[in-house]
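Biologist: Hi! Could you walk me through this structure, one piece at a time?
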Amino acid sequence: MDSILFHRTSRKIRNRVNSKKLFEFDNFAVPNSMKKTLAGAFRDNVRVFLQNFAEIEEYTVGEMTVWSTLLFSQDEGVFPLYTVEETAESSPDPFCNHCEAAGWGHHFVCQRKYHFIIPEKENWNLPLDEIDETHCHYLYGLIHCNGYGHLIRVNGLKNNSNFFSADDTMEFWDRLCTVLKARYISARHVSRKEAIELSLIHGAAYGKSWFEKWGYKFSGGSPGITEQKYGETIQSLGSLNLDSIVADLKNRSRNMKRIKEMIDVYRKFSGKPLFTITDLLRLMLVFESRVQKDVSNACKYGGSETGGNSPMGFEKFVDSMTKDCRWPSRRLENVLYVIVGLLKEHRAKNGESGNAISRQELRDGARKSIGDTGLIDYVLKSIKCFTIDNLTIRRAINPYSKLAEFNIRDQEAPNGATSVRLRLGLSLSRDIRFLYENVLAEYIESHFFLTNYHFVKEWTIKREITKSNKMELTCKVLPSFDEMETELTRRLPPGEVVVVDPWITIGELRVAAQWALRDTYCVMDEFEVTQIGGLRRIEDEKVVYGTVGPGSEVWVRGRGFDFSTVIRYEDEGRKSRG
C-alpha cells in the first residue's frame, strides 16, 4: 500500500490506525486469509467482519452499539465507515418502511439490522450522534440480518463529475454487499429534483438507469409503471433525433437558437457523427467526467491534451521548439509545413466534421516527404495548439479511442458565436443541465420519471459446492394448515440461507436450520424444527449432499411460532401490499 495520507484526520483516528484493519475505499476487499471465514450467510458474516475489522466506539447512539471500520483513499486519506447494530428488542421502531415500499412488508421482522454510514467529510472526526436518513451522508445503507437491505443514500467523495459523481461510493457499497453476502438490496428512486435529473440524463444517454450499472433491475413503481413501460420510455427518449428536436421545438422553445447552436458546436468538435440525443449526451458526459472542473468545456476536445487553450503563434512555436532540440529552425518549419499540408488535404476530403487525423496516420504521411522519423516524432510531440495563416492546428486525445489526434480549423472572428462560446469555456455540466431542462423535459416521456420506483439487486446463492467446500441452502418454513388459516394468512416470507458442510446429515441440517431461524426472526425466537421436507419427511440419517442439491430450497416444518408478539411483519401487519 502507498503511504497513508491523513490530511486533517484527528489524532484519535491516527492512533487507532491498524494496517491490518485498514481498507482501500477504491478497491474494497478482505484479505484472502479471511475469505473462508466469510463464507457463511450474511447474519454470520457481518459479525465476523465487525469482530475482525472494526472497533467498538466508546459511545452509543440511542443505546445502539456503534462499530468503526477505517477506510483509506489516496485523495481523502483515512475516514470512518460506521456500522450501527440495532436490535428489534430495544429499538423504538423495529419495523421497516423501506421493506414495505420495496414490496417486502410481508417479511418477518428481523432480530437485528445494521446501518452502514460514511458521514459527510466535516463530520469524520466527530462521533456519530444519531441515525438520520435525511442527513447528506456519503453513504447510508441498511441491511437486515436475513440479508435483505436498502440503499438509502449515496453521494460521491471525489466529485470529479457533476453527474454520476457517486460512482465511487456506489462501487464501494456493491463490493461491501458482495463480501458480506447480502441477498437482496433495494434502491429507491424518489421524486427529488436531483434524482429526476440523474434518471433522465443517464437513461437518455445509456438506455438504462444509473443503478443498472451495478446489476440492479427495475422492480416496480407507481401504478401503471411496469418494467416494459419503463424500458420503452427511456429507449424512446434516447432515440430522439437531434434534427427532429430542432424542428419540433422551433416554435415551442424560446431557447431554440441556443439549442441549435449547442448541437452544432458539439457536432463540429465531436470527431464522429451525432444523430440522436443519446449520441450527444454520451459525448458530453465523457468530456464532463474526464476534465477537471473549471476547464470542462466543449473546446477541450478541440483543445490541447495538456489543457492549454490559447494558440501559440507560428514563429513563437518554432522558437520554443529550437530551445530543446538538435535540429535547426528551418528543418522544424519544413516539418510543420508538411503537417499543415496533410491536414488541409484530409479536411478537403472529409469535411469539417471529420477533419481529425490520428497521430500514426499523420506520421506515415509525413515520412513520404521527410526521412528523419526522429524529427517528425519530436514535432508531433511538441504540437499543442498553434496558428498559421489564419488556421489553428490542435492536438487532442479522442475520448473514445484514447489516442492522440490532430485537427485544423479556420480562425474565427473574435465576436463569432462559436468562438465566443469556446473562449468563454461554457461549462459542460451547465450544457447538460440546459439540455435536461429545455429538451428532455419538453417531451412527454420525461414526465414518466416524475414518480417513485424501485430497483433491486439479487445475489444468488451458489448452486455448486463453494470454494470453501460448503453448501448453500434456503430453508423455508411451511406452517401447518391451521396456522395458515388463522395466523399466517399472508404470503409466506422468503426462506433463510443456511451454509453447511455437504457431508452432514439431514438431522444436523435440521439443527442448523433451527438455529438460523431463531437467530434471524423475532416471531421464531423459540421455534423448533421438527422435520426437513414439506409434506414428506426426509429421514434424519441421510447425508445432505446427494439428498438435496447445492442451492436448493428446502421446506422445513416445526412448531413454536410466537403469535403473541406484535413484532411480526416489517410493515406492522398492514396487508395492503400482500
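Modeller: Happy to, and keep in mind that this is a predicted model. Let's start with E11, which is joined to strand E14 (residues 404–410) by 2 bridges, with the two strands running antiparallel.

Biologist: Nice. Which residue in E14 is the bridge partner of Ile357?
Modeller: Ile357 has Phe406 as its bridge partner in E14.

Biologist: And what order do the strands of that open sheet have?
Modeller: The open sheet has 5 strands in the order E10-E12-E13-E14-E11, and the pairing is mixed. Strands E10 (312–313) and E11 (357–358) stand at the edges with a single partner strand each, so one side of each has no neighbour in the sheet.

Biologist: What holds paired strands together in general?
Modeller: Strands of a sheet pair through backbone hydrogen bonds, in a parallel or an antiparallel way.

Biologist: Let's move on to E6 and E7. In which sense do they pair, parallel or antiparallel?
Modeller: Strand E6 (residues 139–144) pairs with E7 in the antiparallel sense, over 5 bridges.

Biologist: How many residues of E7 are buried?
Modeller: In strand E7 (residues 148–154), 7 of its 7 residues are buried.

Biologist: New topic: how many disulfides are there?
Modeller: A search of the whole structure finds 0 disulfides. Take Cys99: the closest cysteine sulfur, in Cys96, is 3.7 Å from its own sulfur, which is too far for a bond, because a disulfide needs the two sulfurs within 2.5 Å.

Biologist: Is Cys99 buried or exposed?
Modeller: Cys99 is buried, with a relative accessible area of 2%. Cys177 is buried too, at 0%.

Biologist: What about helices H2 and H18, at what angle do they pack?
Modeller: Helix H2 (residues 42–53) and helix H18 (residues 506–520) pack at about 70 degrees, and their axes are 11 Å apart. That makes H2 roughly perpendicular to H18. The contact is made by Arg43, Asp44 and Arg47 of H2, together with Trp515, Ala516, Asp519 and Thr520 of H18.

Biologist: Last one: where is Gln531, and why does it count as buried?
Modeller: Gln531 is in strand E18 (residues 528–532). Its relative accessibility is 15%, and buried means under 20%, so Gln531 counts as buried.

Biologist: What does its side chain do there?
Modeller: A polar atom of the Gln531 side chain lies 3.2 Å from the backbone oxygen of Gly533. Leaving out residues up to four places away in sequence, Gln531 touches Arg510, Arg536, Arg537, Val556 and Arg557.

Notes. Residues numbered from 1 in each chain as written. Predicted model: local features only at pLDDT ≥ 70, side-chain atom pairs only at ≥ 80, totals over all residues. Heavy atoms only, no water. Helix = DSSP H or I, 4+ residues; strand = E, 2+ residues; numbered from the N terminus. Buried < 20%, exposed > 50% of the residue type's maximum accessible area, 1.4 Å probe, protein only. Polar contact = N/O pair within 3.5 Å; in protein donor to acceptor, adjacent residues only side chain to side chain. Contact = heavy atoms within 4.5 Å. Pairing = 2+ DSSP bridges. Axes fitted to C-alpha atoms, helices over the stretch in contact; angles between N-to-C directions. Parallel < 35°, antiparallel > 145°, perpendicular 65-115°, else oblique.
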